[in-house]
Amino acid sequence: MKISLKRINDNYLFETVNERGNIVLLDNKSDEEPKGSSPMDLILRGIAGCSSIDVVMILKKQQHELEDLRVEVDGYREDGAIPNVFKKIQLDFILKGDVPPAKVERAVKLSMDKYCSVSKMLEKAAEISYSIQLNGEKVL
């Protein structure tokens, strides 16, 4: 896995490119009009994406298709701390589909407890918690 980064203005805007040519803009959120995500934003996007891929993959293997999957992620940092790392991360999984609640709960738990590389890495530094909602009903 390899990423290249190149500065593209005289401030904090950078272009990152992976081996497949996918581009993600990186910026400093304190910039007046950021044009990209901050590095810490990307971490939260990473845990949401990693866990979502796992959940979809696990459910597909069990012959279950979701109509919709959203994840709301809140990252909490210690104000004034240097470095200002995440101390707590909360993920709220919001799913729709004709899938048994127990299967959804198991898929999310497997992702968060075993498969999601991002959450396994981040749990060494931050408390990670999650909730699950399926078709408007709380599962966990």
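**The pockets and their linings**

Author: Strand 2 and strand 3 each supply at least two residues of the lining of the largest pocket. Strands (E, at least two residues) and helices (H or I, at least four) are DSSP runs numbered from the N terminus. The model is predicted: local features need pLDDT of at least 70 and side-chain atom pairs 80 or more, while totals for chains, interfaces and linings use all residues. Residues are numbered from 1 along each chain, and side-chain values use heavy atoms, without hydrogens and water.

A pocket is an open set of points on a 1 Å grid over the protein atoms alone, where a 1.4 Å probe fits, with protein on both sides within 12 Å along at least five of seven lines; lining residues have an atom within 4 Å of a point.

Strand 2 gives the largest share of the lining of the largest pocket, 3 residues. That lining includes Thr16, Val17 and Asn18, together with Val24, Leu26 and Leu42. Strand 2 (residues 14-18) pairs with strand 3 in the antiparallel sense over 4 bridges; two strands pair if DSSP finds at least two bridges between them. Within this pairing, Leu26 of strand 3 is the bridge partner of Phe14. The open sheet has 3 strands in the order 1-2-3, and its edge strands are strand 1 (3-7) and strand 3 (23-26).

Leu42 also lines the second largest pocket, along with Ile43, Gly46, Cys50, Val118 and Met121. Here helix 1 (39-61) and helix 3 (117-122) each supply at least two lining residues. The largest share, 4 residues, comes from helix 1.
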